[in-house]
Amino acid sequence: MAVSAPDPEPTPRGAEQVEPPIDLEPRQLEAGRPKRAPRLPKQYKDFIPHLSLPLLNINVPQVSAAILNVDIVTVPSDGVAPSVNPKDPTMHPATPPTPEPRFQTPRNIFGLSRTYCSSGAPTHDPDDHTTLSDMFDDNAEPCPIAPTAPLTQLSPYHPYPNQNSFSLGNWYWNHGAQKSQEDFKVLLDIVGDPGFNPLDIQATPWTAINKALGSNNFDGDEDQLEWEDEDAGWHRTPVTLNVPFHKFMKNPGTHPHVVGDLYHRSIMSVIKEKLANPTDVDHLHYEPYKLSWVPSPEFKEVRVYGELYTSPAGLDAHREVQALPQEPGCTLPRCVLSLMVWSDATHLTSFGSSKLWPGYLYIGNESKYRRSKPSLHLANHIAYFQVLPDSFKDFASEHIGGKGTPTPAFLAHCRKEFFHTQWSILLDEEFLEAWRHGIVIMCLDGIKRRFYPRIITYSADYPEKALLASIRNGGRLPCPRCFVSKAHLCRMGMKSDMKHRVTAVRLNNQEVKDNVKAARDYIYTDRYAVNSKAVETILQPLSLVPAMNAFSETLGDLGFNHYQMLVVDILHEWEVGTWKSILIHLIRLVHESKGNNVGLLDARYRQIPTFGRDTIRKFAANTSELKRLGARDFADLLQ
């Protein structure tokens, strides 16, 4: 006689229940088998982001820096890069690498853990100040800017003396040259306002005010200009260029010429202001770390990249600073302040030749998720670079003599010299002193630290990268980071190409410096032309140019390899570079197909609604025409 299984006991009242509407109480089917409890698929489960990793030490054996990064191939930011020369002492160090301490955190619920290059937990963890609102976009109010003291006690309506004169001036200048009936009603509203007082405008110096509005802030000898105010941080420095004229010109030799003025801020003043800002200092990572992911013990560890302070370059800079000789009588903790520089010449108008060439500075110790939020105002303007004015050709023609005009090679050389002369002003002695010995800052957490500024990345388009690296734009060796030849660019992405990028990196070594110095001696001492055969014979094999490089001159002796600071520029090299070329090719293929496929393509793009806040905008025009598209438009088309 078969014995049936006993009925399951009913769940007592008050027992812990799973959230409704899913009922997980086991039930019995007619066949006698219990009914399975329904479960949501794993892909529908939602996790609250894990804000920070607990800083608990795990006993990890000490290993050398080389073993710690054995899964990657890096080029140290101190300029000592792999070389193909077997006699290079950097390839065969005299002493074995010393073991470095390691502090590893336990893995969080996502399998992520940190490994610090220290024996204990960091004294400051920015993730302690991270909230859930910092990890997603919302419609919150913009982050307030730290208040600053007023520069001068001027009227809030300056240069107007009062509100009534300001209202009339605003109506006159901002309502068009030809006034309409609507503009007349606006004027009646101004003079008919109960607060309008005719006495306020009787003594208003209209002519002086209009002259002040139309004047250039850089002209005159005014003392209250923000650009030249020490408190505002902006300075105007004349830039003198030593112009070389070869021996067959009217006035051969080197002639100094004041080309223009550089409007800039001190890099050290920006750094000090950043470290004293209570809004931002809590989010700075003082100690970099290696971030790794292991979902479960049976999986191999995977290196996670995403921030500058978790990158090999950030860790290399940290080790280089920790290995520096101890400052006399100083036992303060040493930290790297990672600098990220951007610059790009920009057209200000659709028609005309108005340009602006701004330079920006970001602090890489902050997360990219904060740097990418415009409302936080984390971009620091450090300079507005100038270009050679048209009047420079008149100066050159006077010294050339006769009917001669400056050659393209001569003007290109002067442009390179002018740009690097401006960077020599930015890399001043105060910055170099901080690079060598650091600056002591009392942080807001009550701990004194010694900060060493290091330029980690410089983002620019390719022509500007060639200018920064002092190489030929599109030359025989076009890459600013390695010695790949133009004939081998077709191998991009192959294993041999990836290996070549490591074994044939550009180094700011003595050979490069000697070649550039020899070429410049021909030009500035022996009075040869900048593109003479003697100069080309020296520089052409490595695609170098005879221009002075500010980074090599000021930071080269300190171990800085300026070639490795040039990183990929997503905007110019992908969105309006590779992707734009691919899109044009695809549209050409659609044109060659039969039927009205081009119109169908445009119609489908127009049907796409906006997505997210500033993620994908409405496609109003025909995509196939590619009219007036910016980088964000090409990014939207790709998405």
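The model is a predicted one, in which local features need pLDDT of at least 70 and side-chain atom pairs count only at pLDDT 80 or more, while totals for chains, interfaces and linings use all residues. Residues are numbered from 1 along each chain as its sequence is written, and side-chain values use heavy atoms, with hydrogens and water left out.

**Strand β13 and its partners**

Helices (H or I, at least four residues) and strands (E, at least two) are DSSP runs, numbered from the N terminus. Two strands are said to pair if DSSP finds at least two bridges between them. Strand β6 (residues 253-265) and β13 pair in the antiparallel sense over two bridges, and strand β12 (residues 358-363) and β13 also pair in the antiparallel sense, over four bridges. Within β13, the bridge partner of Gly359 is Ala383. Strand β13 (residues 380-384) is largely enclosed by the rest of the structure, because four of its five residues are buried; here buried means under 20% relative accessible area, exposed means over 50%, and partly exposed lies in between, with a 1.4 Å probe and protein chains only.

**An open sheet**

Elsewhere, four strands form an open sheet with the order β3-β4-β7-β8 and antiparallel pairing. The strands β3 (103-104) and β8 (302-304) stand at the edges with a single partner strand each, so one side of each is left without a neighbour in the sheet. Strand β4 (residues 112-116) and strand β7 (residues 289-293) pair in the antiparallel sense over five bridges, and Leu291 in β7 is the bridge partner of Arg114. In a regular strand the side chains alternate between the two faces of the sheet.

**Two helix pairs**

The table gives the packing of two pairs of helices, where axes are lines fitted to C-alpha atoms, for helices over the stretch in contact, and angles run from 0 to 180 degrees between N-to-C directions.

| Helices | Angle | Axes apart |
|---|---|---|
| α17 (residues 570-592) and α19 (residues 631-638) | about 55° | 10 Å |
| α6 (residues 267-275) and α11 (residues 429-437) | about 55° | 8 Å |

Angles under 35 degrees count as roughly parallel, over 145 as roughly antiparallel, 65 to 115 as roughly perpendicular and the rest as oblique. Helix α6 is therefore oblique to α11, and α17 and α19 are likewise oblique to each other.

Contact means heavy atoms within 4.5 Å. In the pair of α17 and α19, residues including Trp574, Trp579 and Leu583 in α17 meet residues of α19, among them Phe634 and Leu638. The residues of this contact of α17 with α19 divide into ten nonpolar, no polar and two charged, where Ala, Val, Leu, Ile, Met, Phe, Trp, Tyr, Cys and Pro count as nonpolar, Asp, Glu, Lys and Arg as charged, and the others, Gly among them, as polar. In the other pair, Ile267, Met268 and Lys272 in α6 meet Glu430, Phe431 and Ala434 in α11, and the residues of this contact divide into four nonpolar, no polar and two charged.

**Two loop residues with positive phi**

Most residues other than glycine have a negative phi. His377, in the loop between α8 (368-371) and β13, has a positive phi near 55° although it is a residue other than glycine, and it counts as partly exposed at 47% relative accessibility. Arg527, which lies in the loop between α14 (510-524) and α15 (533-539), has a positive phi of about 60° and is not a glycine; Arg527 is partly exposed, with a relative accessible area of 38%.
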